[in-house]
Amino acid sequence: MDITDDDVLRAVKSLDPLGSGFSIILVGSRQMIRSIPKELNTDQSTVLEAIQVLGYVTCSMLEDNLRWEQARAETVIQDLLADSLVWVDEQCPEREYWSPIAMGSDDLDA
């Protein structure tokens, strides 16, 4: 039995009366399940959308492409890390920040 996107959407919506904090949010062109009762701010949403392009971002990419100050880029990344919305790869010359939603994105479109 295959589980469809609609099955997942209905399951998440059925949790709403329980006050579980689970909900469906749109980040860029992708739907994500939010399992923490927190709203994403504009900067966080922007970074998650940027990650959808290459699968990851770096602070310098945010600074160069969005014209953000270093402190702004680092702050939003730290907020996303604290909520486990991005993961860090420290094996590169500059730290890369990956989102689980971007990993295996080909599988999500199938």
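**Reading the helices, salt bridges and surface**

Tutor: Let's start with a pair of helices: H3 (residues 59-66) and H4 (residues 70-82) pack with their axes 9 Å apart, at an angle of about 130 degrees. Axes here are lines fitted to C-alpha atoms, for helices over the stretch in contact, and angles run from 0 to 180 degrees between N-to-C directions. This is a predicted model, where local features need pLDDT of at least 70 and side-chain atom pairs count only at pLDDT 80 or more, while totals for chains, interfaces and linings use all residues. Residues are numbered from 1 along each chain as its sequence is written, and side-chain values use heavy atoms, with hydrogens and water left out.

Student: What is the handedness of the crossing of H3 and H4?

Tutor: The two helices cross in a right-handed way. A crossing is right-handed if the near helix is turned clockwise from the far one by less than a right angle, and left-handed if anticlockwise.

Student: How many helices and strands does the protein have?

Tutor: There are five helices and five strands. Both are DSSP runs numbered from the N terminus: helices (H or I) have at least four residues and strands (E) at least two. Read from the N terminus, the order is α-β-β-α-β-α-α-β-β-α.

Student: Why do aspartate 6 and arginine 10 count as a salt bridge?

Tutor: A salt bridge is a side-chain nitrogen of Lys or Arg within 4 Å of a carboxyl oxygen of Asp or Glu. For aspartate 6 and arginine 10, the N to O distance is 3.0 Å, so the pair meets the cut-off. These residues are four apart in helix H1, which means about one helical turn separates them. The structure holds four salt bridges, and Asp6, Asp7 and Arg10 are linked in a network of them.

Student: What are the partners in another salt bridge, the one with arginine 72?

Tutor: Arginine 72 pairs with aspartate 43, with the closest N and O atoms 2.7 Å apart. Arginine 72 sits in helix H4 and aspartate 43 in helix H2 (residues 42-54), so the bridge ties together parts that are 29 residues apart in sequence.

Student: Is aspartate 43 called buried or exposed, and how do you know?

Tutor: Compare its value with the cut-offs: buried means under 20% relative accessible area, exposed over 50%, and partly exposed in between (1.4 Å probe, protein chains only). Aspartate 43 has 19%, so it counts as buried. Of the protein's 110 residues, 26% count as buried.

Student: Why is glutamate 90 placed in its accessibility class?

Tutor: Glutamate 90 has a relative accessibility of 53%, so it counts as exposed. Its side chain meets that of arginine 95 in a salt bridge (3.2 Å, N to O). Arginine 95, at 44%, is partly exposed.

Student: What makes the phi of arginine 67 worth a look?

Tutor: Most residues other than glycine have a negative phi. Arginine 67 is not a glycine, yet its phi is positive, about 60 degrees. Arginine 67 lies in the loop between H3 and H4, and with a relative accessible area of 74% it is exposed. Serine 84 also has a positive phi, near 60 degrees, without being a glycine; its place is the loop between H4 and strand E4 (87-89).

Student: Which residues form a nonpolar patch on the surface?

Tutor: Ile3, Val8, Phe22 and Ile33 do, with about 360 Å² of accessible area together. Accessible areas come from the Shrake-Rupley method with a 1.4 Å probe, and for residues only the protein chains shown count as cover. Patches take residues with over 30% relative accessible area and no salt bridge, joining like charges within 9 Å and nonpolar side chains (Val, Leu, Ile, Met, Phe, Trp, Tyr) within 5 Å. Phenylalanine 22 has 35%, so it passes the area cut-off. Phenylalanine 22 is found in the loop between helix H1 (5-14) and strand E1 (23-27).
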